[in-house]
Amino acid sequence: QVQLVESGGGLVQPGGSLRLSCVASGSIFSISSMGWYRQAPGKQRELVADISGRTNYADSVKGRFTISRDNAKNTVYLQMNSLKPEDTAVYYCKIIGLVLVGTSSRYLEVWGQGTLVNVPS
């Protein structure tokens with residue numbers, strides 16, 4: 001079993017900052033990619049940023065958000081600065097990793113439950 005637990009969401013005023021964390025636990029052999037996605041009310045889930053060998057950001061967050069990971073802790077972070085009302089969404093963590101399934105190993109995509117970021121206008 002593999003679990004992702006996100007934390008760090010909350011209510012913040014425009015221009016403020018938040019730092020999201022996502023810890024992966026369970027039978028994980030390796031993680032090739034870690035990322036953050038978000039889904040605003042009435043909209044589709046979209047990529048915010050991901051990190052594998054390099055980082056990749058949505059145009060809407062470039063220069064404001066920074067993704068990083070701690071491989072020793074199987075943790076990915078998202079530092080969000082200069083937050084705007086349009087950043088309001090549920091933020092989800094996702095990993096792609098080699099995990100134990102039964103008695104064999106497989107590459108799987110695993111999602112967290114999400115954490116709400118609310119930036120009121």
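## The disulfide

Cys-22 and Cys-93 are joined by a disulfide (a pair of cysteine sulfur atoms within 2.5 Å), with S to S at 2.1 Å. The structure, a predicted model, holds 1 disulfide. Looking along the geometry, the angle about the S-S bond is -80°, and the link of Cys-22 and Cys-93 is left-handed.

Cys-22 sits in strand β3 (residues 18-26) and Cys-93 in strand β9, so the pair ties together parts 71 residues apart in sequence. Strands here are DSSP runs of E with at least two residues, numbered from the N terminus. As for solvent, Cys-22 comes out buried at 0% relative accessibility, and Cys-93 is buried with a relative accessible area of 0%. Buried means under 20% relative accessible area, exposed over 50%, and partly exposed in between, using a 1.4 Å probe and protein chains only.

## Positive phi in the loops

Asn-74 isn't a glycine, yet it has a positive phi of about 50°. You'll find Asn-74 in the loop between β7 (65-70) and β8 (75-80). Asn-74 is partly exposed, its relative accessible area being 24%.

Then there's Ser-82: not a glycine, but with a positive phi of about 50°. Ser-82 belongs to the loop between β8 and β9 (89-101), and is partly exposed at 39% relative accessible area.

## How the values were set up

Because this is a predicted model, local features need pLDDT of at least 70 and side-chain atom pairs count only at pLDDT 80 or more, while totals for chains, interfaces and linings use all residues. Residues are numbered from 1 along each chain as its sequence is written, and side-chain values use heavy atoms, with hydrogens and water left out.

Technical notes. Helix = DSSP H or I, 4+ residues; strand = E, 2+ residues; numbered from the N terminus.
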